[in-house]
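Reader: I am new to this structure and would like to go through a few of its parts slowly. Could you take my questions in turn?

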Amino acid sequence: MTEQDSRVGPTGADIEPDEIRAALADIQACASFVASRQLSAFLSYVVEKALAGEADRIKAYSIATEALGRPETFDPASDPIVRVEAGRLRKALDAYYLAEGADAQLRITVPRGSYVPRFERIAEDARQAEPPEVAEAAPLEDEALTAPPAPLPVAGQSWSFRLSAALLVGAVLLAFGMSGGSRLLADLGRAQASIADAAGDPLAVGARLPATKPQAPRIFVAPFAVTDETSLGVSGSQFSVMLATAMSRFDEVTVVTRMDGDADYQVSGRLSSGVSGISVSTMLTNRSTGRVIWSSQMTLPRNPIRPSATINELTGAIATAIAQPYGVVLSDRLTRSDLPDDGFPCVIRSFNFWQSYTPKSHADVKACLEELTHRFPAYALSYAQLSLLYLSEGAVAADPKLHADAIDRAVKASALAVQLAPTSARAMQALQFTYYSTGQIQRAIEAGNRAMLLNPLDTDIRASQGQVLIVAGRYQLGQRLIEEAASSNTAYPPWYDLYLALAAFQGGKTETLRKLMGRVDLPDHPLAALLEIIAASNSDARDAAAARMRARYPAMAADPAAVLNRVLPNPELVDKLVAAARQAGLQS
């Protein structure tokens, strides 16, 4: 078997991974897979494992625990879920190739007796022949409405899928009841006809143009040195593949797989086993100069029941430190003057905006992101970040028309981000906050669940879900998510503490509220202004906080609820906050 064959699974043809991912995307876009989270997750998992060269790890236990949400105590002998879902999957695939996939050029199957997928080209004459009869596919069971949505299909898909995904997003956004949804559908129609002109509108649909984009930092992961493969259960090459796979989940970096690739950074290190557990030393270097950017030494106790869990935890911690939005790679990339400004530093600054939340930084980042959509009309990340900027703009707009206008633009931008990159966790995060800002909290929570499935390592996405849950009243769970995110991110933005303070307010923890607000430096955030009054420990501090709030938000003194409702789409919570501020001495 060739290297290519081992990487993409048993196949008699030279099939590129992008072709396989395109075929997977088309399958997951069909009605039966859209309706079933379990089937979509099962198929995506086994295909991606095969593409990663990990076909030997496709077992009932890994499918159940990593794709189907079963706990680590899962026992394949007593729980038949994987066998049952595999049977449903095979029938659904048969049905797909008889209907929507009848003209497909590539067939994905999961042969009986194995969970490892096969990838085969379908000859033209075979596609035109009468399809063989197969057993009728069993009806797909309805998924629980409260279940997290399925991961969206993998990027690199065919044009037919991109357009169908776009139309699906447009239909969903019609639920917003805004002109943004209908205008999006009109734009997509123009994109299909290829007659629109992108130059005049920063949010004009870019999917009809070449998918060019700024150059994200490129990272090569070298094989780690391993002291004792037998004891650790993993080789240096396997560990590097696991680490590269974990980092590739982040939208803001590009992982390259060959040393002769044009990488900006190299990750290397050593993995060892000792009395205290499993240790890994890691070094991140500038590939062209050899300069050490970051190094780390980490030891975790060995998991006696499942040793691979410790390895997974180590790879996740390293990947998060290096590749997250506030991680070492993006921080280093922003300081580099030896590289041309192709627009990517603007993306980094769009994350850094949330560190300050000032009108000046907002205007600067908004301008550069809109310019980026002109330069790269098919770049999903710029639309996702722009959507979040528009939402923050609408949240503080005193004029209701300006507020509605900003939300409308955000809805459209987030929809385009999802259309252009259906498997982008960042695009799903943007869609989450368009739901949130229009008061559709349950949909926002579901979109947040989907974003965390797409990238469970991204601290910002985890914290965002925590924010939404806190505002929804599920403040204990939301608090835990934000605290987890903060523990993995030493440079986390101050809004993490702001929403932890809101959770403390809901839980009646006054001292915790004061401590957290003492760390929050967001003078231009209306929630921070009000919580500062509530948290004040004496009348002088309250008067000073109230004076600052009146200076920045004159409307809040007369009607604080009107402003807060744009930031916190939970009227009951807003009423409690306003009542507490009035009790603390806030005068109208």
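Author: Before the questions, one definition is needed: two strands count as paired if DSSP finds at least two bridges between them. Please keep in mind throughout that this is a predicted model.

Reader: In strand β7, which residue is the bridge partner of Gly269?

Author: Strand β6, residues 265-274, runs antiparallel to β7 and is joined to it by 10 bridges. A hairpin of two residues links β6 to β7. Within this pairing, the partner of Gly269 in β7 is Thr282.

Reader: Which residue in β8 stands opposite Ile278?

Author: β7 also pairs with strand β8, residues 292-300, in the antiparallel sense and over eight bridges. These two strands form a hairpin with five residues between them, and in that turn Gly290 has a positive phi of about 80 degrees. The residue of β8 that stands opposite Ile278 is Leu300.

Reader: How many of the residues of β7 are buried?

Author: A residue counts as buried when its relative accessible area is under 20%. Strand β7 covers residues 277-286 and is largely enclosed by the rest of the structure, because the number of its 10 residues that are buried is eight.

Reader: How far apart are the end C-alpha atoms of helix α18?

Author: Helix α18 has 13 residues, 425-437, and at 1.5 Å a residue it should therefore span 18 Å. The model agrees with this expectation, since the distance between the end C-alpha atoms is 18 Å.

Definitions and conventions: Residues numbered from 1 in each chain as written. Predicted model: local features only at pLDDT ≥ 70, side-chain atom pairs only at ≥ 80, totals over all residues. Heavy atoms only, no water. Helix = DSSP H or I, 4+ residues; strand = E, 2+ residues; numbered from the N terminus. Expected span 1.5 Å × (residues − 1). Buried < 20%, exposed > 50% of the residue type's maximum accessible area, 1.4 Å probe, protein only.
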